[in-house]
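Q: I would like to learn how to read a few features of a protein model. Please take them one at a time.

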Amino acid sequence: MTVTAAEMKEIERKAAEGGLSYEQMMENAGRAVADFVQDKQPVLRTAAVFVGKGNNGGDGLVAARYLRERGVRVAVILVEGEPQTDAARANWKKLDPQMPVWPIEDLQMDQINWIFDADATIDAVYGTGFHGELDELARAAATMICRSFGMVFAIDLPSGVNADTGETAPGAAMADHTIALHAEKPAHALAKAHCGLVAVVDIGIQ
C-alpha cells in the first residue's frame, strides 16, 4: 500500500479519533525504529540522532530513548531547536537528563567527529510534511548525515525529499535504509537513490 502525505495525515486523524493517540503512535513509531536499527546492526554501540522540531523529530526522540535504555550511547542533535508539537514536546520531556543533546549550530569539532564515527545515524529532521527547500541548518544536518561513516537510517523519508513527488531539495539527505511508518509513500519509489532500502513498520494503526 502506498499513501500520499495528505492520506497519511487523514489516516492518523481517524486513528486518533478511534482512540490511538498521536503520542502513542509516536511511541510505537520510535520503538519500531529502534528495533529496526538494532536488527540491522546487532552490535550497535553508538548512535547519532538528528531531530527536527516536528513529529518526525519526536519519532527520533523516542527511538533515542529506547536505544539509550538498551545500552547504546546516543547523542541527540537538535536541528531546529526544541520540539514544537505537543507529542514531540511530551517525548522531549521523557529524555534521560544525562542524554547528550547538541544544538547543531553549537557543535564542537570533537562532537562532530563523534557523530561521523557513530555506528548508526538516524535522520529524524523532516518527514512527510516537508516541501520546498532546506534552510542552512537543515542542509548542514543533511550534509553531516550523508558523510557519516556508519549506517544511515531515515525515519519515513530522508530529509529534503518530498513525500508525494519524490522531488529532492538541493542538499537533501540520503539513507541506507528508510523506515516507512505504516505505509510506503510515493517518494519511496520515486526517489530510490535517496531512500535506499525501504521497510514498512507497524505503528499501531489498524
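Q: Is Glu10 buried, partly exposed or exposed?
A: Buried means under 20% relative accessible area, exposed over 50%, and partly exposed in between, with a 1.4 Å probe and protein chains only. Glu10 has a relative accessible area of 32%, so Glu10 is partly exposed. The model is a predicted one, where local features need pLDDT of at least 70 and side-chain atom pairs pLDDT 80 or more, while totals for chains, interfaces and linings use all residues. Residues are numbered from 1 along each chain as its sequence is written, and side-chain values use heavy atoms, without hydrogens and water.

Q: Which residue does the side chain of Glu10 meet in a salt bridge?
A: Side chains of opposite charge can pair when their charged atoms come close. A salt bridge is counted when a side-chain nitrogen of Lys or Arg is within 4 Å of a carboxyl oxygen of Asp or Glu. The side chain of Glu10 meets that of Arg13, at 2.5 Å from N to O. Arg13 is partly exposed because its relative accessibility is 33%. Glu10 and Arg13 both lie in helix 1, 3 residues apart, which is about one turn of the helix. Helices (H or I, at least four residues) and strands (E, at least two) are DSSP runs, numbered from the N terminus. Glu10, Arg13 and Glu17 are linked in a network of salt bridges.

Q: How many salt bridges does the structure hold?
A: The structure holds 9 salt bridges. One of them joins the side chains of Asp35 and Arg70, at 2.8 Å from N to O. Asp35 lies in helix 2 and Arg70 in the loop between helix 3 and strand 2 (73–78), so this pair ties together parts that are 35 residues apart in sequence. Asp35 is partly exposed at 38% relative accessibility, and Arg70 is partly exposed at 35%.

Q: Where do Asp119 and Arg45 lie, and why does their pair tie together separate parts of the sequence?
A: The side chains of Asp119 and Arg45 meet in a salt bridge of 3.0 Å, N to O. Asp119 lies in the loop between helix 5 (109–117) and strand 4 (120–124), and Arg45 in the loop between helix 2 and strand 1, so the pair ties together parts that are 74 residues apart in sequence. Asp119 is buried, with a relative accessible area of 12%, whereas Arg45 is exposed at 52%.

Q: Which residues is Gln41 in contact with, leaving aside its neighbours within four places in sequence?
A: Contact means heavy atoms within 4.5 Å. On that basis Gln41 is in contact with Asp119, Ala120, Met151 and Phe153. A polar atom of the Gln41 side chain lies 3.0 Å from the backbone oxygen of Asp119. Gln41 is found in the loop between helix 2 and strand 1 (46–51), and it counts as buried because its relative accessibility is 14%.

Q: Is Ala180 buried or exposed?
A: Ala180 has 0% relative accessibility, so Ala180 counts as buried. Its place is in strand 6 (residues 177–181). Not counting residues up to four places away in sequence, Ala180 touches Asp156, His188, Val198, Ala199, Val200 and Val201. The C-alpha atoms of Ala180 and Asp164, 16 residues apart along the chain, are separated by 13 Å.

Methods: A polar contact is a pair of N or O atoms within 3.5 Å; within protein, one must be able to donate a hydrogen and the other to accept it, and residues adjacent in sequence count only if both atoms are side-chain atoms.
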